[in-house]
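Student: I would like to learn how to read a few features of a structure. Could you take me through them one at a time?

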Protein chains: 2
Amino acid sequence: MTPPADDTMRNDGARTAAVVLERCDELARHSSLPDGLIERVYLSPEHAAVNALAAGWMQGAGMDTWQDAAGNQCGRLEGATPGLPALLLGSHLDTVPSAGRYDGILGVLTAIAVVERITTSGRSLPFALEVVAFGDEEGTRFGTALLGSRALAGTWLDAWWELTDEAGITLHEAFVAFGLDPAAVTAAARTSNDFVGYLETHIEQGPVLEENDLPLGIVSSIAGARRFQITITGKAGHSGTPWTHRRDALAGASEAIVAIERLARDADLIATVGHLEVFPDAVNVIAGRAEFSLDLRGRFDADRDSVWQQIETLLDEICATRGLHVAVHQTHAAPAAHCSDRLRGVIAAGIRAADLRAADGADDAPAPLELLSMAGHDAMAVAHLTEIGMLFVRCAGGVSHHPDESVTEADVARALDAFEAAVLALADGHQAGSQDPA
Amino acid sequence: MTPPADDTMRNDGARTAAVVLERCDELARHSSLPDGLIERVYLSPEHAAVNALAAGWMQGAGMDTWQDAAGNQCGRLEGATPGLPALLLGSHLDTVPSAGRYDGILGVLTAIAVVERITTSGRSLPFALEVVAFGDEEGTRFGTALLGSRALAGTWLDAWWELTDEAGITLHEAFVAFGLDPAAVTAAARTSNDFVGYLETHIEQGPVLEENDLPLGIVSSIAGARRFQITITGKAGHSGTPWTHRRDALAGASEAIVAIERLARDADLIATVGHLEVFPDAVNVIAGRAEFSLDLRGRFDADRDSVWQQIETLLDEICATRGLHVAVHQTHAAPAAHCSDRLRGVIAAGIRAADLRAADGADDAPAPLELLSMAGHDAMAVAHLTEIGMLFVRCAGGVSHHPDESVTEADVARALDAFEAAVLALADGHQAGSQDPA
């Protein structure tokens, strides 16, 4: 497929990027935190509000819309004939606490904008287009990630109903409060026959594109993550207690956190302890209990699992030496997910097309770069149903999950062009009956 | 002074110990925590409730009572003639979170019980007896300890008015809400002329007495403590961020906590990090900020200050290496406080008298043991006004600041005998016009 390179399209692209960024700003105003900080969690009033906004934008793009049985906001544009399998486009609208305004959100809004472009062009595709705005990817509220995408993928677990948020509200109760029927959650599950594939745009959440001076990149695969809740129990006591009689849970946890960092670095894995809480948490009381999270991720599942075994041994040793008790509980596990050759090909074709357009037809751009995603994505869950492909967009300093998260309008314009071209490249290949990228 | 050794007194002693322990249980029911856990902080409804109970018991012991301008509950029994300087007896009724039921409380109730014995005996002393139940020793609510005793000692700082609790309520606002007039807090201040000395009974909060098979001990001095709030700032970011781009505040804090422990142990000081909080505190977000407390105490102020300098250097080094920023803020500083020879002598005389009584007059008890108190006490603040002496009572396993905090009724009976005998020994010495112990 050769993309058109006339001025009208470039201007459309620039205008659409501005609209996408305005919509990012509009969504950012729906937050449970004060002072401009962003937090938007699953099944919250803010979740309902942004679903309504997304539904309106989907309708404006020509889609029929519905909220599925798990609270994901969905839209569909029929293809050349009604009822065709769909290319699913999407990402998530929930956030971490004190979040940025692009992680997940940019992918949803890019998908809607690209569908609007295709609707406007009047072009009919050999598949339907569906957009999904997942309600939970981050796992902020219930500690378990990908709840929205796992509902759609049909891998929902009944055990999750008893998960509780910080206020003690169960997932089951939150469903009911949101107006959903827990018994009907399986209605959100789709099947492999529904889809021809899944494409997602996302900010990189890393520095590789920026360091290579590239606006866009192709995801090769998504690192598998395992998450654990680790509880170290000692004995609370007066801060004047002599060393011989201390069983300080926080001292043990601190030693463990330092050692986990060393083990993971040595094995070229990423380990993050982002949550830690001590009890009773008083200046003059030895910590009787320390609870912390561990998020462990790497390119290969086997390496990651081997390092986890080393960490478990180490926790046992530290706690034995210090007279502490340790308990570990796995809260999340996702195998590494590989993007299919076909969808990596269409993303590459899309990036090349956008590069060409940006360069007024002169193809002097470097070949598209493939990156491993250390961050997890909804695509990991959707990979259970259909093949996946992902487009990464450069973000400033590799910073995400932070208010400083930032993208440029020029990069978003390039991403819109590339994502649209990728969809059309898949359509070309699909029409040709081929599994090769266009 | 030779104590009476008849059965009536022994039985009185046993009965009074039971009453003291029942009163500890009654106070334990006044808590802001559910499920039988104890927390009772300065200027809370629970503070008001236990002051009222203590006032009733003081009146029952023959004292006139008042709540002072800082919320301390006070009582006074006149001596041989009205208006004499007083021997001040006391401790505190506030607690840490998830506290035991004896730390501080036992000292207040022992003082009241001993005054009741002296009232009942009809004996007139050459000084008045005052009992004070301090409203804040632990510093749980406002992060600054000894507020109650420093008000009495006249060392209240106006800067404290802006201290806030977790809910953002200032100390000034809490005073008003409790029905106190902040402008009148200086009315709580007493002078050196008001007192002949201060005696305090307290559980040991350490294992030394238990390991020496002794129910009671004499405090030689109270270690000086300094407390700091340490804030390490990095940058929040996605948990998939590569090592090269991480500025993880919790990893830095953990390294610091491990190093602080090593430095303090090597210098024979006690260091406790009991409070730690991370922000934004999410499983999949690198900690952008970690705040923790440090409580540093030792036998000699100079050693402690020297180790603090080493810790400051170390914090700077760790943070420089990790691209973090560190800020430290001292929240509390108390010099080591020495118990006077005279009051150590009367405590020793009291212990010997109680040993004699317990052994039916046969003095085969070991000589009273002197201990350094690593825990801080109200006596440190009162030392600004008058000489201090402290009686330590064995506690099970050296455990305090924990629901398992425990004393035996036999030890409490022995403590009551000893504390009463110490007061009478001081009276004997006082009457003799001597500065030597009886």
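Tutor: We will go through helix packing, the relation of the chains, and aromatic pairs. Keep in mind that this is a predicted model.

Student: At what angle do helix α2 and helix α3 of chain A pack?

Tutor: The general idea is to compare the directions of the two axes. Here helix α2 (residues 45-60) and helix α3 (residues 105-121) of chain A pack at about 20°, and their axes are 9 Å apart. Angles under 35 degrees count as roughly parallel, so α2(A) and α3(A) are roughly parallel to each other.

Student: Which residues of α2(A) and α3(A) meet?

Tutor: From α2(A) come Ala54(A), Trp57(A), Met58(A) and Gly60(A), and they meet Leu109(A), Ile112(A) and Glu116(A) of α3(A). By type, the residues of this contact are five nonpolar, one polar and one charged.

Student: What rotation superposes chain B on chain A?

Tutor: For two copies, look at the rotation and at any shift along its axis. A rotation of 180° with 0.0 Å of shift along the axis places chain B on chain A, with an RMSD of 0.0 Å. The two copies are therefore related as by a two-fold rotation axis.

Student: In chain B, which C-alpha is nearest the axis?

Tutor: That of Ser254(B), at 2.2 Å from the axis. The same surface serves both copies, since 100% of the contact residues of chain B recur in chain A.

Student: How many aromatic pairs are there over all chains?

Tutor: The count is 12 aromatic pairs over all chains. To read one, take the distance between ring centres and the angle between planes. In the pair of Tyr42(A) and Phe175(A), the centres are 6.3 Å apart and the planes stand at 80°, so the pair is edge-to-face.

Student: Where in chain A do Tyr42(A) and Phe175(A) lie?

Tutor: Tyr42(A) is in the loop between α1 (7-28) and α2, while Phe175(A) is in helix α5 (residues 171-177). The pair links distant parts of the chain, 133 residues apart.

Student: Are Tyr42(A) and Phe175(A) buried or exposed?

Tutor: Buried means under 20% relative accessible area. Tyr42(A) has 0% relative accessibility, so it counts as buried. Phe175(A) is also at 0%, and so counts as buried.

Student: What kind of aromatic pair do Tyr42(B) and Phe175(B) form?

Tutor: An edge-to-face pair, with 6.3 Å from centre to centre and 80° between the planes. Tyr42(B) and Phe175(B) are both buried.

Student: Which residues do ring pairs link into a cluster with Tyr42(A)?

Tutor: Ring pairs join Tyr42(A) with Trp156(A), Trp160(A), Trp161(A) and Phe175(A) in a cluster.

Definitions and conventions: Residues are numbered from 1 along each chain as its sequence is written. Chains are lettered from A and ligands numbered from 1 in the order in which they are written. This is a predicted model: local features need pLDDT of at least 70, side-chain atom pairs count only at pLDDT 80 or more; totals for chains, interfaces and linings use all residues. Side-chain values use heavy atoms; hydrogens and water are left out. Axes are lines fitted to C-alpha atoms, for helices over the stretch in contact, and angles run from 0 to 180 degrees between N-to-C directions. Helices (H or I, at least four residues) and strands (E, at least two) are DSSP runs, numbered from the N terminus. Angles under 35 degrees count as roughly parallel, over 145 as roughly antiparallel, 65 to 115 as roughly perpendicular and the rest as oblique. Contact means heavy atoms within 4.5 Å. Ala, Val, Leu, Ile, Met, Phe, Trp, Tyr, Cys and Pro count as nonpolar, Asp, Glu, Lys and Arg as charged, and the others, Gly among them, as polar. Copies are superposed by least squares on the C-alpha atoms of residues with pLDDT of at least 70 in both. Rings of Phe, Tyr and Trp (its six-membered ring) pair if their centres lie within 6.5 Å; planes under 30 degrees apart count as stacked, over 60 as edge-to-face and the rest as tilted. Buried means under 20% relative accessible area, exposed over 50%, partly exposed in between (1.4 Å probe, protein chains only).
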